[in-house]
Amino acid sequence: MRAVYFLLIALFVMSCGNKTDGTPYADTTTDPMGSHNMSVDMHSPTLVADNAVHLKDITVLNAWARHAAKGDNSAVYMIIENTGINDTLMSVDSITAAAIELHSAMNNKGMMSMDPVENGILIPAHGTLQLQPGSFHIMLIGLTTELTSGASVPFELTFANAGTVEVNAEIR
Ligand SMILES: [Cu+2]
């Protein structure tokens with residue numbers, strides 16, 4: 001299971017929007033454990049982060065959204081840790097977009113494609129899932145407002161087990 005998961009994540013190295021950020025999530029200045037690269041670590045300890053949100057066994061860290069103009073599309077990324085049994089991110093709500101979908105992305109011989117995830121995104125038991133450019137992400141379709149760098153916007157995440165939690169995503 002772990003090896004398969006590692007392979008899947010390792011394949012997703014490019015941004016869904018064909019843009020790449022060097023450090024889309026890591027904030028080493030506030031991380032007492034120093035630099036971390038935990039995209040594939042299923043057993044990492046809970047990270048310390050400014051914007052961590054806890055809901056039962058779920059912790060959401062480093063939520064951020066890509067800046068974009070009103071009417072355009074954007075995406076939201078975050079780290080989701082699960083200290084309990086398997087859970088699933090079922091849906092996301094926000095007033096910032098006309099529609100919101102959970103997407104996976106794949107790099108097939110240099111061609112990026114992305115698809116809606118039908119039955120939610122699994123957050124493995126005692127594991128970590130990273131929503132990041134080129135991998136799973138929350139797709140914002142038809143922004144109802146401009147997403148301005150430095151601002152933040154609230155999103156409601158609904159998990160099958162843990163329930164619903166509000167997360168603020170910093171716009172970058
Ligand atoms: Cu997408």
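Author: Helices (H or I, at least four residues) and strands (E, at least two) are DSSP runs, numbered from the N terminus. From the N terminus on, the protein chain reads α-β-β-β-β-β-β-β-β-β-β-β, that is, 1 helix and 11 strands. The model is predicted: local features need pLDDT of at least 70, side-chain atom pairs count only at pLDDT 80 or more, and totals for chains, interfaces and linings use all residues. Residues are numbered from 1 along each chain as its sequence is written.

Reader: What is the phi of K109?

Author: The phi of K109 is positive, about 55°, although K109 is not a glycine. K109 sits in the turn of the hairpin that β5 and β6 form, with 2 residues between the strands.

Reader: What makes β5 and β6 a pair?

Author: Two strands pair if DSSP finds at least two bridges between them. β5 and β6 are joined by 6 bridges and run antiparallel. Within this pairing, H103 stands opposite P116 in β6.

Reader: How do you know that β9 pairs with β5, and in which sense?

Author: Strand β5 (residues 97–108) and β9 share 6 bridges, in the antiparallel sense.

Reader: How many bridges join β3 to β9?

Author: Strand β3 (residues 74–82) is joined to β9 by 3 bridges, and the two run antiparallel. S74 has L140 in β9 as its bridge partner.

Reader: What makes β9 mostly covered?

Author: In strand β9 (residues 137–143), 5 of the 7 residues are buried. For the protein chain of 172 residues, 33% count as buried.

Reader: Where is G120, and which residues does G120 touch?

Author: G120 is found in the loop between β6 (111–116) and β7 (121–123). Two residues are in contact if their C-beta atoms, placed from the backbone, lie within 7 Å. Not counting residues up to four places away in sequence, G120 touches T88, L89, M90, L102 and A160. From C-alpha to C-alpha, G120 and D87 are 9.5 Å apart in space, and they are 33 residues apart in sequence. G120 counts as partly exposed because 15 C-beta neighbours lie inside 10 Å.

Reader: What share of contacts in the protein chain join residues at least 24 apart?

Author: Among contacts between residues at least 6 apart in sequence, the share is 69%.

Technical notes:
A residue is buried if 20 or more other C-beta atoms lie within 10 Å of its own, exposed if 12 or fewer, and partly exposed in between; C-beta atoms are placed from the backbone.
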